[in-house]
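Me: I am new to this structure. Can you walk me through how to read a few of its features?

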Amino acid sequence: LTYVALTQCVELEKLWYENYNDDLPSGYVENLSNLSKLRELSISYLKGAQTGNLHKIFMNKSLPHLSKLKIQCCENLDPQTLEKVLKNCSHLKSFEIADSDLETGLEALGGCSELEELTIECCSLKDETMKHVGSSCHKIKSLDLSFCQSLTEKAVEYICSGCSQLECINLTEMRELTDDVFESICKCKKLKSLTMAWLPLITGSSFHLTSEHLVHLTEFNIC
């Protein structure tokens, strides 16, 4: 009853929904599509069949004003569902996702050309996904890839080669990165903030490149 009442609040512009109800009928999830005035949506902790219906919230671009979307810890989120979500949200300016098992499915980000902020926390994600971001999301200013432990320098290269507007990058716990990553980072001439914490293969041998190439850098966090 509470969930049904929520989906009838048709004037809502911002919604943060964390689901702790295992008994919520999976068909109820799609009723969020009634909230056509939403500008910001955060949805977390959906369970199996509930997650399977996640894309139905966005079908036929039902949330035309949505500019900020966060999806976190939704059980059994598969690439096909995520792709359907993103294809109906091509107007997003901010997207955040946290999923420990997701390897692919973010390729559809290539269609989100208006993105300015992107946060991905997916420890199993593959480098190839970032190729689509770098080739299409040229307006990104803030990128957070914290805890994407499977990504390598190749992923950073894809992004830094195509996203020339980047001002903030967070590469915390990307444990495959080596000093070679600075060659890509230094292509981001507008960069103001760089965070590289807990990277065991970074020795510091390329730190001098930051002062030579990143003349706007005002914040450098490394430990």
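Me: Where is Cys 73 found?

Reply: This is a predicted model. Cys 73 is found in the loop between β3 (68-72) and α3 (79-87).

Me: What is the phi of Cys 73?

Reply: Cys 73 has a positive phi of about 50°. Yet Cys 73 is not a glycine.

Me: Is Cys 73 buried, exposed or partly exposed?

Reply: Cys 73 has a relative accessible area of 37%.

Me: Which loop holds Glu 173?

Reply: Glu 173 lies in the loop between β7 (168-170) and α6 (181-185). Phi of Glu 173 is near 65°, again a positive value in a residue other than glycine.

Me: Is Glu 173 buried or exposed?

Reply: Buried means under 20% relative accessible area. Glu 173 has 14% relative accessibility, so Glu 173 counts as buried.

Me: Now the helices. How is a packed pair described?

Reply: Two packed helices are described by the angle between their axes and the distance between the axes. Take helix α4 (residues 128-136) and helix α5 (residues 153-162). Their axes come within 7 Å and cross at roughly 5°. Angles under 35 degrees count as roughly parallel. Therefore α4 and α5 are roughly parallel to each other.

Me: Which residues of α4 and α5 meet?

Reply: From α4 come Glu 128, Met 130, Lys 131, Val 133 and Gly 134. They meet Ala 155, Tyr 158, Ile 159 and Gly 162 in α5. The residues of this contact divide into five nonpolar, two polar and two charged.

Methods. Residues numbered from 1 in each chain as written. Predicted model: local features only at pLDDT ≥ 70, side-chain atom pairs only at ≥ 80, totals over all residues. Heavy atoms only, no water. Helix = DSSP H or I, 4+ residues; strand = E, 2+ residues; numbered from the N terminus. Buried < 20%, exposed > 50% of the residue type's maximum accessible area, 1.4 Å probe, protein only. Axes fitted to C-alpha atoms, helices over the stretch in contact; angles between N-to-C directions. Parallel < 35°, antiparallel > 145°, perpendicular 65-115°, else oblique. Contact = heavy atoms within 4.5 Å. Nonpolar A, V, L, I, M, F, W, Y, C, P; charged D, E, K, R; others polar.
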